[in-house]
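Please read the following report alongside the sequence and the coordinates. It moves from the overall fold to individual side-chain contacts.

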Amino acid sequence: MSANFFVYVIVVGQNQDEDIPFTNQSQPKHYKWWIRVISYILFLISGQSTAILLGRLYFDKGGNSKWMATFVQSAGFPILLPFLFYFSPFAKSVPVSVTSVARRSKISTLVFLYSAFGLLLTGDNLMYSYGLLYLPVSTYSLLCATQLAFNAVFSFFLNSQKFSPFILNSVILLTISASLLAVNSDSENASTVSKGKYVIGFLCTVGASATYSLYLSLVQLSFEKVIKRETFSAVLDMQIYPSFVATCGCVVGLFASGEWRSLSKEMKEYKEGKVSYMMTLIFTAVTWQVASIGLLGLIFEVSSLFSNVISTLTSPVVPILAVIFFHDKMDGIKAMAMLLAIWGFLSYIYQQYLDDSKSKVKKKMKANSNEASLGLTGQV
């Protein structure tokens with residue numbers, strides 16, 4: 001691997017400029033594009049790592065409501081509304097060629113899209129909550145890395161991503177990593193939760209990773225085929241409206257399950273006090289929104305594959321922080337699982353680097369061919 005490979009971690013899969021239609025082709029990038037992408041990466045890594053640790057803190061200090069833990073994953077969207085109003089293109093005129101029927105059709109399509117994504121996120125966030133409740137945060141984070149393998153599969157079918165040997169190697173390594181964590185359940189978690197609950201947490205986390213990977217691929221497909229807008233407001237729309245639907249779904253689940261009755265008692269018995277209870281939930285909600293903006297921004301600016309790759313960067317970070325703050329055990333099997341996950345991540349990134357290098361060579365050859373053709377035409 002050359003030094004350029006590590007630079008490619010930032011630019012893999014880049015797909016668009018501000019002045020061209022939404023596309024998956026690599027284009028020369030302006031410095032503002034780099035600033036946006038780096039900002040989105042920082043939002044995603046810092047927001048996701050902090051949100052996961054705060055979510056575990058909620059359960060460790062006395063919180064027990066799965067629906068409340070699910071609720072805060074989407075309920076922070078109102079903090080984004082000022083940005084939506086600022087960036088929304090209200091002043092832009094509507095083209096004459098766009099009929100009222102076409103506009104109504106587009107609106108109904110978007111309503112269906114945002115509603116479907118919101119309901120998908122409700123189920124996905126609930127599964128993540130079960131995983132975070134029943135698993136050590138280090139194990140939970142490593143299992144979340146399997147979303148990269150699932151994303152490779154979904155991107156193959158939905159986003160025309162090729163399945164190369166390096167991608168297959170990444171999928172196999174991440175699968176082995178998850179399998180090691182599965183067989184390690186007896187030695188790791190017997191003292192805290194039952195084996196049955198560990199299995200539930202394991203399956204829910206893997207299921208949530210698969211669902212989230214499907215969501216990311218569908219979001220990229222929606223940006224390309226339906227939304228077709230190259231504005232930051234498009235990213236905010238994709239975050240705010242599905243989050244609103246997901247939050248409504250969580251409220252329904254909170255009341256339907258009866259967990260709302262125990263929230264007052266839960267807050268009073270919280271080990272760190274009522275203020276700490278509220279601040280933990282509030283900051284969890286805020287950090288999830290920060291992470292989501294980073295994730296959607298990378299999908300918009302680059303691709304769902306790249307956003308998922310950056311998301312898995314938290315896999316080696318969170319377990320280390322979990323050992324420091326939550327005193328999770330880091331035994332040999334878990335360390336091996338983490339190394340395999342990192343290996344799978346690098347294998348995945350390297351394949352994207354090779355694809356990008358090949359694409360640039362083809363474009364250069366095509367440009368040279370066009371110049372030669374123009375030269376011959378001029379001579380004639």
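The sections below describe the helices, the charged pairs, the aromatic rings and the nonpolar cores in turn.

## Basis of the description

This is a predicted model, in which local features need pLDDT of at least 70 and side-chain atom pairs count only at pLDDT 80 or more, whereas totals for chains, interfaces and linings use all residues. Residues are numbered from 1 along each chain as its sequence is written, and side-chain values use heavy atoms, with hydrogens and water left out.

## Overall fold

The secondary structure of the protein comes to 16 helices and 0 strands, where helices (H or I, at least four residues) and strands (E, at least two) are DSSP runs numbered from the N terminus. Of the 380 residues, 49% count as buried; here buried means under 20% relative accessible area, exposed means over 50%, and partly exposed lies in between, with a 1.4 Å probe and protein chains only. Among the contacts with a separation of 6 or more, 83% are accounted for by residues 24 or more positions apart, a contact being heavy atoms within 4.5 Å.

Two helices can be set against their expected span, defined as 1.5 Å times one less than the number of residues. The 30 residues of H2 should span 44 Å, and the end C-alpha atoms of H2 are 44 Å apart, which agrees. H2 is followed by Gly62, whose phi is positive, near 125°.

Helix H7 (residues 147-158) has 12 residues and reaches 15 Å from its first C-alpha to its last, close to the 16 Å expected. The buried residues of H7 are Gln147, Leu148, Ala149, Asn151, Ala152 and Ser155. Just after H7, Ser160 takes a positive phi of about 60°.

## Charged side chains

The count comes to 2 salt bridges, a salt bridge being a side-chain nitrogen of Lys or Arg within 4 Å of a carboxyl oxygen of Asp or Glu. In one of them, the side chains of Asp60 and Arg56 meet with an N to O distance of 2.8 Å. These two residues lie 4 residues apart in helix H2 (residues 31-60) and are therefore separated by about one helical turn. An α-helix has 3.6 residues a turn, so residues three or four places apart point the same way. Asp60 counts as partly exposed at 30% relative accessibility, while Arg56, at 13%, counts as buried.

Glu272 forms a salt bridge with Lys61, with the closest N and O atoms 3.5 Å apart. This pair links distant parts of the chain, 211 residues apart: Glu272 is in the loop between helix H12 (263-268) and helix H13 (274-301), and Lys61 is in the loop between H2 and helix H3 (66-71). Glu272 is partly exposed, with a relative accessible area of 47%, and Lys61 is also partly exposed, at 25%.

Leaving aside residues up to four places away in sequence, Lys66 touches Leu126, Ser129, Tyr130, Leu133 and Glu259.

## Aromatic pairs

The count comes to 13 aromatic pairs, in which rings of Phe, Tyr and Trp (its six-membered ring) have centres within 6.5 Å, and planes under 30 degrees apart count as stacked, over 60 as edge-to-face and the rest as tilted. Phe117 and Tyr215 form an edge-to-face pair, 5.5 Å centre to centre with 90° between the planes. This pair links Phe117 in helix H5 (residues 100-134) with Tyr215 in helix H10 (residues 195-227), 98 residues apart.

Phe117 counts as buried at 5% relative accessibility, and Tyr215 is buried with a relative accessible area of 3%. Ring pairs link Phe117, Tyr128, Tyr140, Tyr212 and Tyr215 into a cluster.

## Nonpolar cores

A nonpolar core is a set of buried Ala, Val, Leu, Ile, Met, Phe, Trp, Tyr and Cys residues joined through side-chain atoms within 4.5 Å. Of the 75 residues in the largest such core, Val137, Tyr215, Val219, Phe223, Met238 and Leu298 touch the most other members. The largest share of this core, 11 residues, comes from H13.

Not counting residues up to four places away in sequence, Met238 touches Tyr114, Phe117, Tyr215, Val219, Ser222, Phe223, Ile227 and Leu296. A second, separate core of 12 residues includes Ala145, Ala152, Ile167 and Leu174.
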